[in-house]
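Biologist: I would like to learn how to read a fold from start to finish. Could you walk me through one?

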Amino acid sequence: MASNAARALDMIDARPRYTQADADALNARFEGVDAQTMLRALFAEDELGEIAVVSSFGTESAVLLHLVAKADPAIPVVFVDTLKMFPETLDYRETLIEAFGIKNASVVTPDPEVLAEKDENELRWSFDPDGCCAIRKVEPLARAKEGLDAWISGRKAFQSVTRENIARFEVEDGRLKLNPLGDWVKADLDAYFEEHDLPRHPLEAEGYLSVGCAPCTSKVKPGEDPRAGRWRGWDKTECGIHTPVDPDDPANQPFF
């Protein structure tokens, strides 16, 4: 016997989990709240879905990782190993994981088939740094973020002019992006390192104030921007993880 009731249709909800309105509400809610209290509250509420920290294990990374581990050491921590990292960075990663009791640390690497096709001689960094970042950092991280609803970044406004006015909460490709240290300055970081006796990146004492891939990282001279040692000789300040880069843009062409 046929039913008069309308058959319910199976629907796939393709809407993004987060919208700018959600980010605005969270920014308003946590305005003036310290980063540790904010993270504890967010993790306790368990309303962010699948979330992870993305860390470069660079010179400032210990602060965010320590804050997150104190709030919940089970929060996943993802590291993009470009296969061009300093050995000191790889060792530092192990040091922080052990020191902070991080329980869920993972590594993502570039696709070997892509590397064989697009960087066979492993020198792409020397003539096309944007293309190198795209295959060694951006694409691997995109894979790592699949299935995530939110992710935590260590960006800070003082690091460079391209990072000014960073909100604590942003929406990127439908995911919530958290910048707990967005309004911290260098003095705040140094004070936190000292207060909690955090391990320093071994290259920092040698003048590497911002550490990325070995071929594209140099020492910073007195008075320079903290990220001046990244991609020196190129008018390039971001790898593309936080700010899309266009290799055809004149700003990304070498001046030598």
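Modeller: Gladly! Let us begin with the order of elements: read along the sequence, the protein follows the pattern α-α-β-α-β-α-β-α-α-α-β-β-β-α. That makes eight helices and six strands. Please keep in mind that this is a predicted model.

Biologist: Which order do the strands take in the sheet?

Modeller: Here is the general idea first. Strands of a sheet pair through backbone hydrogen bonds, either parallel or antiparallel. In this structure the six strands form an open sheet with mixed pairing, in the order S3-S2-S1-S4-S6-S5. Strand S3 (105-108) and S5 are at the edges, and each has a single partner strand, so one side of each is left without a neighbour in the sheet. From one strand to the next, the twist averages 30°.

Biologist: In which sense does S6 pair with S4, parallel or antiparallel?

Modeller: Strand S4 (residues 150-152) pairs with S6 in the parallel sense, over three bridges.

Biologist: How many residues lie between S5 and S6 in their hairpin?

Modeller: Two residues lie between them, and Asp173 in that turn has a positive phi of about 55°.

Biologist: And how do I read the two faces of a strand?

Modeller: In a regular strand the side chains alternate between the two faces of the sheet. Take strand S6 (residues 175-178): Arg175 and Lys177 point one way, Leu176 and Leu178 point the other way, and all are buried.

Biologist: What is Leu176 in contact with, leaving aside its neighbours within four places in sequence?

Modeller: Its partners include Tyr18, Ala23, Leu26 and Leu48, along with Trp151 and Phe169.

Biologist: How should I look at the core as a whole?

Modeller: In soluble globular proteins, nonpolar side chains tend to be buried together. Here the largest nonpolar core has 42 residues, of which Val63, Phe169, Leu176 and Leu178 touch the most other members. H3 gives the most to this core, with eight residues. Apart from this core lies another, of eight residues, among them Ala52, Val78, Leu141 and Leu148. For the protein overall, 46% of the 256 residues count as buried.

Biologist: Now to the helices. Which residues of helix H8 are buried?

Modeller: An α-helix has 3.6 residues a turn, so residues three or four places apart point the same way. In helix H8 (residues 186-196), the buried residues are Leu189, Tyr192 and Phe193. They cover an arc of only 100° around the axis, which puts them on the same side of H8. On the other side of H8, you will see Ala187, Glu194 and Glu195 exposed.

Biologist: Which helices do the buried residues of H8 pack against?

Modeller: They pack against helix H2 (35-45), helix H3 (61-71) and H4. Helix H4 (residues 87-100) in turn lies across strand S2 (77-80) and S3, and runs at about 160° to S3.

Biologist: What should I make of positive phi values?

Modeller: Most residues other than glycine have a negative phi, and most peptide bonds are trans. Just after H8, Asp197 takes a positive phi of about 50°. Asp46 has a phi near 55°, and its place is in the loop between H2 and strand S1 (51-54). Leu83, with a phi near 70°, is found in the loop between S2 and H4.

Biologist: Is Asp46 buried or exposed?

Modeller: Asp46 is exposed, with a relative accessible area of 60%. Leu83 is partly exposed, at 47%, because the exposed class needs over 50%.

Conventions:
Residues are numbered from 1 along each chain as its sequence is written. This is a predicted model: local features need pLDDT of at least 70, side-chain atom pairs count only at pLDDT 80 or more; totals for chains, interfaces and linings use all residues. Side-chain values use heavy atoms; hydrogens and water are left out. Buried means under 20% relative accessible area, exposed over 50%, partly exposed in between (1.4 Å probe, protein chains only). Helices (H or I, at least four residues) and strands (E, at least two) are DSSP runs, numbered from the N terminus. Two strands pair if DSSP finds at least two bridges between them. Axes are lines fitted to C-alpha atoms, for helices over the stretch in contact, and angles run from 0 to 180 degrees between N-to-C directions. Contact means heavy atoms within 4.5 Å. The arc is that of the directions from the helix axis to the C-beta atoms. A nonpolar core is a set of buried Ala, Val, Leu, Ile, Met, Phe, Trp, Tyr and Cys residues joined through side-chain atoms within 4.5 Å.
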